[in-house]
Amino acid sequence: MGFSGRCLLSLHSNLAGFARAGLLIYLACLWDLVASQRVPLRLSDGPHHCAGRVEVFYENQWGTVCDDYWDLEDAGVVCRQLDCGTALSAPGAGHFRAGSGPIWLDDVNCMGTEDALSYCRMKGWGKNNCHHGEDAGVVCSGTATNTPAHLRLENGPSRCAGRVEVLHHHQWGTVCDNGWSLAEAVVVCRQLGCGTAVSALGLAHFGQGSGHIWLDNVNCTGTEAALSECQARPWGSNSCDHREDAGVVCSEPDTSGQLPLRLANGSNSCLGRVEVFHNQKWGTVCDDTWDLHDAAAVCRQLGCGMALSAPSSAHFGPGSDPIWLDGVHCKGTESALTECELSNWGEHNCGHSEDAGVVCSGTDPLQVRVQDGPGPCAGRVEVLYNATWHGVCGSRWTLLEAGVVCRQLGCGPAQSVPVGAQLSREDGHALLEGLSCRGTELLLLECQQREMGLGPCRQGSAASVVCAEQKDLIQSCSVLAGLLSMGAMVCGTLLVLYLWTRCGRWAGRSPDKPLKKETEDTRTSSEA
């Protein structure tokens, strides 16, 4: 093959190569985009947040999963995605009551190693031959870091004795006394930081409650940190009336041997930098090995509900007093920090930039939602304050506060804080004022609330937010993928044009050289 042929072959090869490269870049990026999207997941109507009917969030709507071919491998992926330990069982046939809405998935087939259910093989979204009597469920071994159901004792002589009530779907309700025993009472007392269980009472000993009867047939081992971690019938499913409301009497917490404790530099008494009192002086705790189990003991001792997070690296600012403790190790079921494994006082290898912190749920935690928007990640911001949903005053509302809301909602970054007619306005009720965030908080609860309260919000309307949704991120990255592939194709085209020009020049010259050489050889031969 001559030079011209080889050059044209090279040209064709380069052209095809760059076209393939551009296409592969585009497809690879799109594949990464699809594969990287973890479709939101939840377990509904179970005894706690690590057991229940499997539901997935797709196209802005929750839907169920059909139990065709549903097995422990599939359940294991669900438990892993929810950080709920290992799968104990994979019940089908609507074991946790029939769901409603779309049945999004059918014939799910996981290998068991996937990090999210949406990574498993399945039929297309919404393609199924099922009904809700075949909804798949899961029972996992562990408990996720989501806040367990809040608890209180009502109508008793003290905060540590009374009728047991739990908070579910933002409403307080009672517990039926079927199967109620000292093991369940132990868990209630532990969760409330109320010492040990003295008695477990039934038959509405502390008077009849009202509203929902949320739990029935509660069955605890006695080692759980919260009542909602125990096995029970699905929420709201019971065969009782309020004449069977369960009660508990706990011993008042013995504070004689407890280590004086406080949370400093937070917006309320249930979050902040952990400080302990020793040798007549307050000091901090180093964050080495600090985790949610340690934070749980702190929250329980302070009567501050459940631990939501255990921030480190002086999240609430560095302290200035001695660093009293390092290497704290709690199991998470202790009623006080003194029950945990502690180092010797004052022995540490830390600086105050490593001071440990705690965020507890408190007795009335700040929950957040968006209303009247186009989707789950945009709308008017509402906060649950004193058991009532209130809008937030928009006069000092910025992208910093909006960013924390988006993060707490599990949405993408905050894109804007609409005002005026972009989203519907509040209906005239009093709004929360004085909420101020740095923008780095994980929960709205961590933001500054010292001046927070209900007010008329004369300087502005209700605050709103627009967060990026998963599909927005996919579309943005798709555009980037397209640009990358186009760039590769353009580069390939330029190189091809360069080679074409060069090949054309050589194709014009190369035939002359052999012809000239042949003429010279003929002339030499005739002269001879």
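Guide: In this predicted model, the buried residues of helix α2 are covered by elements that include the strands β1 (41-44), β2 (51-58), β4 (87-89) and β6 (137-140). The helix itself spans residues 72-81, and seven of its ten residues are buried, so α2 is largely enclosed by the rest of the structure. The buried set consists of Asp 74, Ala 75, Gly 76, Val 77, Val 78, Cys 79 and Gln 81. An α-helix has 3.6 residues a turn, so residues three or four places apart point the same way.

After the helix comes Asp 83, which has a positive phi, near 55 degrees.

Positive phi values also occur elsewhere in the chain. Leu 203, although not a glycine, has a positive phi of about 55 degrees. Leu 203 belongs to the loop that connects β10 (197-201) with β11 (213-215). With a relative accessible area of 68%, Leu 203 is exposed, because the cut-off for that class is over 50%. Asp 372, another residue other than glycine, has a positive phi near 60 degrees. Asp 372 is found within a strand, namely β19 (residues 367-375).

A disulfide is a covalent bond between the sulfur atoms of two cysteines. With sulfur atoms within 2.5 Å as the criterion, the count in this model comes to eleven disulfides. One of them is formed by Cys 189 and Cys 250, whose sulfur atoms are 2.0 Å apart. The angle about its S-S bond is -90 degrees, and the link is left-handed. Cys 189 sits in helix α3 (residues 182-192) and Cys 250 in strand β12 (residues 247-250), so this pair ties together parts that are 61 residues apart in sequence. Both partners fall under the 20% limit for burial: Cys 189 is buried with a relative accessible area of 0%, and Cys 250 is buried with 6%.

A further disulfide joins Cys 220 to Cys 230, with an S to S distance of 2.1 Å. Here the link is right-handed, with 105 degrees about the S-S bond. Cys 220 and Cys 230 each lie in the loop between β11 and β12, so the pair ties together parts that are ten residues apart in sequence. Cys 220 and Cys 230 are both buried.

Cys 406 and Cys 467 also form a disulfide, with their sulfur atoms 2.0 Å apart. This link is left-handed, at -85 degrees about the S-S bond. Cys 406 is located in helix α5 (residues 399-409) and Cys 467 in strand β25 (residues 464-467), so the pair ties together parts that are 61 residues apart in sequence. Both Cys 406 and Cys 467 are buried.

Note on methods
Residues are numbered from 1 along each chain as its sequence is written. This is a predicted model: local features need pLDDT of at least 70, side-chain atom pairs count only at pLDDT 80 or more; totals for chains, interfaces and linings use all residues. Side-chain values use heavy atoms; hydrogens and water are left out. Buried means under 20% relative accessible area, exposed over 50%, partly exposed in between (1.4 Å probe, protein chains only). Helices (H or I, at least four residues) and strands (E, at least two) are DSSP runs, numbered from the N terminus. Contact means heavy atoms within 4.5 Å.
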